[in-house]
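Please open the structure in your viewer and keep the selection tool at hand.

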Amino acid sequence: MDVRLGVDIGGTFTDVVLETPAGLTSTKVLTTYAAPEDAIIEGMNRVCAQAGVQTSAIEQIIHGTTLATNALIERRGARTALITTEGFRDVIEMRTESRFEQYDLNLRLPDPLLPRNQRLTLRERIDAGGEVLIPLDPAAIEALADQIDEAGYESVAIGLLHSYLNDSHERQIAEVLARRLPQVTLSLSSEVSPQMREYERFNTTIANAYIKPLMKSYLGRLEGRLAEQGAACPIFLMHSGGGIISLDSAAEFPVRLVESGPAGGAVFAAHIGARHGLDRVLSFDMGGTTAKICLIKNQTPKTARVFEVARTYRFKKGSGMPISIPVIDMVEIGAGGGSLAHVDALQQIRVGPESAGSEPGPACYGRGGTRPAVTDADLVQGKLDPDNFAGGSIRLDEAASRAALESELGAPLGLDALEAAFGLTEVVDENMSNAARVHAVENGEDLSDYTMIAFGGAAPLHAARLSEKLGIRRCLIPPGAGVGSAIGFLRAPFSFEATRSVYVEFSAFDAGLVADTLAELRTEATDFVRSCDAHAPIEAEYKVYMRYRGQGWEIPVILTAQQAASPDMETLKALFEADYTTLFGRTVAGLEIEATVWAVNASTPTPPVETLPPLMAAAGSSVDVAGTGATRDIFDAALGQTLRAAVVPRDALATGDRLAGPAAIFEDETTVIVPTSRRATIQPDGCIDLSAEEEG
Amino acid sequence: MASTVSKQVMWNRLISVVEEQAQALVRTAFSTSVREAGDLSAGVYDAQGRMLAQAVTGTPGHVNAMADAVPHFMRRIGVETMAQGDVYITNDPWEGTGHLHDITVVTPSFKAGVLVGFFACTAHIVDIGGRGFGADANSVYEEGLYIPIMRLMDRGAVDQTLLRIIRGNVREPDQLVGDVSALATCNEIGHCRLTEMMDEFDLADLEEIAAFILDNSRWATLEKINALEPGQAAGEMWIDGYSNPIRLAVSVSIENDCICADFAGTSGLDPKGINVPMVYTKAYACYALKCAIAPEIPNNAASLAPFEITAPKDSIVNAVHPAPVALRHVIGHMIPDTVYEALDQLLPRTVPAQGAGTLCNFQVSLRPRTDAPAPTHARRSEVLTFNSGGSGARPWVDGLNATAFPSGVMTMPVEATEHAGPVIIWRKELRPDSGGAGAFRGGVGQFMDVGAREGHEFDFSAMFDRVDHPALGRAGGGSGAPTTLTRSDGTTMRGKGKQFVPHGQRVAMAFPGGGGYGLASDRDRALVREDLAQGYISEASARDVFGLSEDDIADALEAGRLGRSVK
């Protein structure tokens, strides 16, 4: 495969990356909300022209998009109904019956995706053993079909209790609706997310149903437009789990496209990590509104089964809606270049999650913003070149930044503009490092063994300070950091993860049942991958979620193909206890173990990555450079003082060049800040290596 | 300058440390009350035992109790005898957090051989022996094993004698020992993070950062309090109780630098286990006041100090040893509504109407049927569930449907509950017309029907209130609907205590709604129409209570049938 196109539709920009044997060509086009395919076409034509390639030469297009996420956040989905078990109409509205913010007397809960009168019920019941307690009445299904028809629903979600154990009732309803109302799209909870816990399963199924007509029509339109432009090649979609699936699978299960952009970023970081032979990578992606942090071990991003989208209250856990699909596990906090600062009742500086966005933007954009954003603080501390921001397309107004910092933070706290700027960045850097620390603890990891890979427009400004705070000794800033997700799409394997809830108590371990479950999941997952590539070898990864009986949290345990084919209780137990000890320091004697969820991830192998020798202290392979003599005053947070720093354009640096901090490496999209504690070394692949000075 | 910013950074870090500590506990605990419901607490203290930060968890019930606990440990253990590797434990209801079912573990934190602070955490465990979790005891001696403040670990060595005594006295010894281990582990995680932070900022002790946190918190809290108009007001609320109805009475006074709440006039002790130790009363009274007055100021020794809570000894909110206290939450959860009855007179249009208050929890003890031969698969099982009624309407917005207040605990998924034992939840959905009418409607409660799988019978242990005393509205708002519970043969059941349910029978429950705010006639007509279209109110209520026109009723019913909005 010689010519491939990666396309990432983000909230502000659509990033397009063309890969040819000659290398990567990328561009950014403003996202065209009304017809997102327009920006793709424009970007495609642009990169093809730059690279001198015909669109007809493109052999594969890999696409990721925030459209699915945005449709959920902005509630722009189809007219959708839920059909559920009688007595359980309000599951998605009652949630966990708790408040995500304890001290707010005027708290408002997020509206459920479907209002109450779009949630319909049928009398039926399956028990926790999968047995039918109350059979369905065919006449009642017919009557409900009449009601759905009359009400004009475009899409229907079917979610019944315990359907992950027995899907017969869901199928029976689907058959009647498919016959009676062929124009209505259907989503079954036993297919979309066959996992125990009705709130998560129903909500995920409703989300799928809600965005299905929209995504189906968009993907169909896109395919046609691209073909018109000469790009009649196969199109694949990035999914939240970090792999790619066929256009048809994506149209059937669009909820799996949620968060595909950030997943591409994690794949990008994993690829860079592989190139540099790194086993433990902290991926740090900081853009305009949020920062995303992900742990990558052995070149594989960590995954999870449930995550939350559309948080409505300061990114607070519980204020969004749960989606249970295989997903790359990351923490996202409201910390980006546009995050705004204020002083609270405790006379403390608070930053984010409120963001200035692109309109009006930070004060320095000169578009009417009067409140200080992270970018304003970076500018005042000398970390940005006002004349060369975003390739010179926006001239930054430092006086406006100073005024905003002085009035909003300086006046109440008695600080001058520089002190306020320092306080602001310290707070946002601390917020991000706290999020990284908590995420690491939850996963039983010690970050001091990790290498950071930083990308996204704001990350290179903050990566070194974050490394200092987290005790991370080495950080890599790859080239193309501004379009990392789209590059990541080109590095992702075909993959699909199939999951199912099957309760297995180890006191009654049924090896046959376990082997059969895993074999069925393998077939299901493999079939999806096969639909993308008829010939590639397919690898399967087996995962079982286990816990002590009585606990509420499972931990994932990885099985080999051999262990999956002939499962053995003692082996599974030993694997679980080893992982439990890693996470929590000890096992608990005398308690029974149980497994709740089984998963198989099928994927094509990622092409082998050529490992680069690290260019660091090795004598002869690197040269100290002092820059061109240009300098700038930059505030060094760790030392708490302003220092005269060398200023070097990135393209003036060659492989092997070393630059001691304090320094700033300017490029079109951003600036890499090298504090006194770090030294930058240019790697053969163009990555900038920021390592702690004592090692350099 | 840098030091002010770095102190702020350290304060944020300490809050993050206690959140990590709490998270580790949730993930390793065994009791459903901790891992599913979030009934736990974690905090960090300076060497003087002053609480510097506390995790925001599922329960405000530990707010003040946690702040008070560490000084008790320092006094009982003796600071001079403390050593690295020590871990201390108690479940003393009066020096811990209010009942024997809460285990508190405290770990001293040493740096370079010097005691620099403490970590403490508390978790609600499901069984501590005795009569089992319920209101039926006549004294604390019947409620289970008592562990005085003592060493769990002495310089790293676990007290095996204590563990044997614990194991020998409880119904689920493995789980309890697992929970105790989780408590010790989470303090250890907190200690490691604190050490890292002190290394990073080159601190030898916590004195300077403690002073910064406490001074700022005190100052900010006092500023909030002193911005209020001084005054005094009394409030009262009647609730069901166990043996007799209970009067909760409080007098709240806003003074310079202080807000006082005194519970004089409150009913005396109940013979059964619903009495409340003072620590728990303080926690909920303080929580209520903080929500209304200084919600954004984190909990610590200084931000809690200006709230002075008092109650007469031997009133039901200041029960002393050996009163039975196992279900102290049933009364404790009603304290915020009581405080708001008084506070509403001092701070108009600030606090909500009364709500369901107490969580609607019940425990089901299943066993093979005894009235006829039981099938071989039938088994014994204990299933505890947490559920919520509606919260009170707010001055400018409706109450929350089926959402806990003041407690913040979570319900369990029905599918998970049905895996926990041979129980079937036949119904769990919102209860229309249960929210008190008003310009702003009370949150609606919920219906729940529970039965056993074929071949089982069960005892049903009820822990409900608001059967005879529904949540009252405010400013002319209507009352929420009361709690009701009946057996499927039509027998009315009691709101509290253990009751038998024979094979084939179910229990049908309706949990209470919150009170309304303002006059129903003042409710925006569009909201009334939408409530009817969505089925939060019935046609009869729309017509008779809210006075909706016949045309509007017809429109709303049609919209309801077609899944349309009429807002």
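How many bridges join strand E5 (residues 80–85) of chain A to strand E9 (residues 155–159) of chain A? The number is 5, and the two strands run parallel. The model is a predicted one, in which local features need pLDDT of at least 70, side-chain atom pairs count only at pLDDT 80 or more, and totals for chains, interfaces and linings use all residues. Residues are numbered from 1 along each chain as its sequence is written, while chains are lettered from A and ligands numbered from 1 in the order in which they are written.

**First stop: the parallel sheet**

Helices (H or I, at least four residues) and strands (E, at least two) are DSSP runs, numbered from the N terminus. Two strands pair if DSSP finds at least two bridges between them. Now extend the selection to the open sheet of 4 strands, with the order E6-E5-E9-E10 (chain A) and parallel pairing. Strand E6 (119–122) and strand E10 (185–188) of chain A stand at the edges with a single partner strand each, so one side of each has no neighbour in the sheet. From one strand to the next, the twist averages 25 degrees.

Axes are lines fitted to C-alpha atoms, for helices over the stretch in contact, and angles run from 0 to 180 degrees between N-to-C directions.

**Second stop: the mixed sheet**

Select the open sheet of 4 strands with the order E30-E31-E33-E34 (chain A), whose pairing is mixed. Its edge strands, E30 (631–636) and E34 (671–674) of chain A, each pair on one side only. Neighbouring strands are turned by 35 degrees against each other on average, direction ignored. E30(A) and strand E31 (residues 641–649) of chain A run antiparallel and are joined by 6 bridges. A:Asp633 stands opposite A:Arg644 in E31(A).

Buried residues (20 or more other C-beta atoms within 10 Å of their own C-beta, all placed from the backbone) make up 57% of the 696 residues in chain A.

**Fourth stop: where the chains meet**

Which part of chain A supplies the largest share of the side that touches chain B? The contact takes 63 residues from chain A and 72 residues from chain B. Helix H3 (91–94), helix H4 (138–151), helix H7 (198–228) and helix H12 (417–442) of chain A each supply at least two residues of the side of chain A that touches chain B. The largest share, 11 residues, comes from H12(A).

Definitions and conventions. Contact = placed C-beta atoms within 7 Å. Buried ≥ 20, exposed ≤ 12 C-beta atoms within 10 Å, placed from the backbone.
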